[in-house]
Amino acid sequence: MAHHTQDKYEEIRDAVRSLCAEYPDEYFRKVDEQRVYPEAFVDALTKAGWMAALIPQEYGGSGLGLTEASVIMEEVNRAGGNSGACHGQMYNMNTLLRHGSKAQKDYYLPKIASGEWRLQSMGVTEPTTGTDTTKIKTTAVKKGDRYVINGQKVWISRIQHSDFMILLARTTPLADVKKKSEGLSIFMVDLRQAEKSGMTVRPILNMVNHETNELFFENLEIPAENLIGEEGQGFKYILDGLNAERTLIAAECIGDGYWFIDRVSKYVKDRIVFGRPIGQNQGVQFPIAEAYIEVEAASLMRWKACELFDAHQPCGAQANMAKYLAAKASWEAANACIQFHGGFGFACEYDVERKFRETRLYQVAPISTNLILSYVAEHILGLPRSF
Ligand SMILES: Cc1cc2nc3c(=O)[nH]c(=O)nc-3n(C[C@H](O)[C@H](O)[C@H](O)COP(=O)(O)OP(=O)(O)OC[C@H]3O[C@@H](n4cnc5c(N)ncnc54)[C@H](O)[C@@H]3O)c2cc1C
């Protein structure tokens, strides 16, 4: 589209766009209506190699960075789709690449690269502790060559469409650690195996077509070799995954933002009321222009977060700020889009209400805007800790 600046990722953009063109609005509308997983679309992305973008070439992937991954996810959302169905593999991959052992990489990566296995799930959130992650109650206790897992998780997505999950659990009780972020560990969980031996999955019906679940662990035994990195250091490792997740979701919101702006710009040029296009009124133009400015600005922060992440530099501030800006910008674009479609914005066949619901999620998940503000206030500005 003419108003979008060209960048050095045009080749990736074109390739993802042409794949997405085979899965038009009607496809995602139907998938949403039927509350099913966009299996054919995720398969096509996998077969085309996009889901293995981050896997190094020696393991069968393309060895790209988070920057390129963000472009892939952005294009999916910009085409009208929803990366929420498959972004897990992109952010989980970094955790495995950066902290997994050689043996783990040799075991998992080739099969994930070929598409035989999916690593789409990450289990962090718990019902009784919410955003207060270091207080999680799920425990992993070592017994010989196994860890025994007990506890509960909530909102764990794509379990039914993934083969593996990266799980965060406490290995040393909170009372026995100096810092509350110590004593947590991360594990690879073979989901199909786990379902047969101690993990119960209860799907949560929700506002968007996002396959997500409650998980209950009752003496689930997993091999000790499934521990990723060192025991007790898991919180540090999972932060890499969370920063990648926030940055990718920023990119998805940017894709959504452009989608809303393109749709509404076209609509207000064509829709004639009071004898002229509604888009001739400044009351209609300005919110759209404002949303566009904010999406573009959010995108700059996304590039910054990606650049730092790919250079293995601290990027918590930028990843959080990119997610904050992008989620806000896409939500404003969504509001302008639904508003200026008038009644038609509410008709499913325009896809606006679907995208509106989908982009709303990102004010709350994977981290709420309030928690980002609190992070910036405390960690960047040095204001007193409020909780
Ligand atoms: C569709 C969906 C998919 C998800 N997928 C996953 C997944 O795959 N894996 C996973 O681990 N998690 C997942 N989540 C969980 C998600 O990350 C959490 O819902 C989110 O982090 C918010 O946590 P919470 O729901 O416990 O909210 P709470 O922590 O209970 O917070 C509720 C609200 O209170 C406010 N709040 C809380 N504390 C403060 C404070 N100190 N100061 C100011 N305001 C505050 C915020 O506005 C926040 O939105 C998913 C959630 C959804 C809805």
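Predicted model: local features only at pLDDT ≥ 70, side-chain atom pairs only at ≥ 80, totals over all residues.

Modeller: Residues are numbered from 1 along each chain as its sequence is written.

Biologist: How many helices and strands does the chain have?

Modeller: The chain has twelve helices and ten strands. Helices (H or I, at least four residues) and strands (E, at least two) are DSSP runs, numbered from the N terminus.

Biologist: And how compact is the chain?

Modeller: Its radius of gyration is 21 Å, close to the 21 Å from the globule rule for 387 residues, so the chain is as compact as a globular protein of that length. The radius is taken over C-alpha atoms, and the rule is 2.2 Å times the number of residues to the power 0.38. Along the principal axes, the C-alpha atoms fill a box of roughly 80 × 50 × 40 Å.

Biologist: What share of the residues counts as buried?

Modeller: Of the 387 residues, 46% count as buried. Buried means that 20 or more other C-beta atoms lie within 10 Å of the residue's own, exposed means 12 or fewer, and partly exposed is in between; C-beta atoms are placed from the backbone.

Biologist: Which domains are assigned?

Modeller: The assignment gives domain 1 (10-114), domain 2 (119-232) and domain 3 (236-380). Such bounds come from an automatic or database domain assignment.

Biologist: How many residues of domain 1 are in contact with domain 2, and which elements do they come from?

Modeller: On that side, 16 residues of domain 1 are in contact with 15 residues of domain 2. A contact requires C-beta atoms, placed from the backbone, to lie within 7 Å. Helix H2 (25-33), helix H5 (87-99) and helix H6 (102-114) each give two or more residues to the side of domain 1 that touches domain 2. H5 gives the most, with seven residues.

Biologist: Let us change topic. Which residues of helix H1 are buried?

Modeller: In H1 (residues 10-20), the buried residues are Ile 12, Val 16, Leu 19 and Cys 20. They lie on the same side of H1 because they cover an arc of only 100° around the axis, the arc being that of the directions from the helix axis to the C-beta atoms.

Biologist: What covers them, and what is on the face turned away?

Modeller: The cover includes helix H3 (39-47) and helix H4 (66-78). The face turned away from the buried side carries the exposed residues Glu 10, Glu 11, Asp 14 and Ser 18.

Biologist: Where is the cis peptide bond?

Modeller: It joins Ala 365 and Pro 366, with omega about -5°. Pro 366 lies in the loop between helix H11 (352-360) and helix H12 (369-380).

Biologist: What is the phi of Arg 158, and is this residue buried or exposed?

Modeller: Arg 158 has a positive phi of about 65° although it is not a glycine. Arg 158 is buried, with 25 other C-beta atoms within 10 Å, and lies in the loop between strand S3 (146-157) and strand S4 (164-170).

Biologist: And what about Phe 274?

Modeller: Phe 274 has a positive phi of about 55° and is not a glycine either. Phe 274 counts as exposed, with 8 C-beta neighbours inside 10 Å. Its place is the loop between strand S9 (272-273) and strand S10 (276-277).

How values were computed. Contact = placed C-beta atoms within 7 Å.
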